Amino acid sequence: SRLDWHPSGKMLAIPTEKRVAVYERESWVNTYTFHADGHSAPVTLVKWSPNGEYLASVGTDGVIMVWETATQLS
């Protein structure tokens with residue numbers, strides 16, 4: 001699995017099963033979790049956009065999802 005830091009360095013996105021968990025750096029609290037019916041297999045890679053407004057997730061099923069971070073929708 002490949003995790004990724006938010007461009008600001010304040011959050012860390014970690015792929016977990018069919019979801020992406022986002023943790024706040026200072027407290028390590030799970031701030032939110034991206035999940036939907038799009039991934040039918042474990043997510044193995046996540047990547048923030050350079051402006052931090054989007055997060056892409058890739059699963060072993062070959063599905064790539066792009067999430068809008070403000071709404072947490074794909």
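**Notes on the predicted model**

1. The structure contains one salt bridge. Its partners are Lys 47 and Asp 4, whose closest N and O atoms are 3.8 Å apart. Lys 47 belongs to strand β5 (residues 43-48) and Asp 4 to strand β1, so the pair ties together parts that lie 43 residues apart in sequence. Asp 4 has a relative accessibility of 14% and therefore counts as buried, the cut-off being under 20%.

2. The average pLDDT of the protein chain is 93, and 100% of the residues score at least 70. Among the elements of the chain, the highest mean pLDDT, 98, belongs to β1, and the lowest, 91, to β4.

3. An open sheet is formed by four strands, in the order β1-β2-β3-β4, with antiparallel pairing. Strands β1 (4-5) and β4 (30-35) stand at the edges; each has a single partner strand, so one side of each is left without a neighbour in the sheet. Strands of a sheet pair through backbone hydrogen bonds.

4. How many bridges join β3 and β4? Strand β3 (residues 19-24) pairs with β4 in the antiparallel sense over five bridges. Within this part of the sheet, Val 20 has Phe 34 in β4 as its bridge partner.

5. Val 66 is located in strand β7 (residues 64-68). With a relative accessible area of 46%, Val 66 is partly exposed.

Notes: Residues numbered from 1 in each chain as written. Predicted model: local features only at pLDDT ≥ 70, side-chain atom pairs only at ≥ 80, totals over all residues. Heavy atoms only, no water. Helix = DSSP H or I, 4+ residues; strand = E, 2+ residues; numbered from the N terminus. Buried < 20%, exposed > 50% of the residue type's maximum accessible area, 1.4 Å probe, protein only. Pairing = 2+ DSSP bridges. pLDDT = per-residue confidence, 0-100. Salt bridge = Lys/Arg side-chain N within 4 Å of Asp/Glu carboxyl O.
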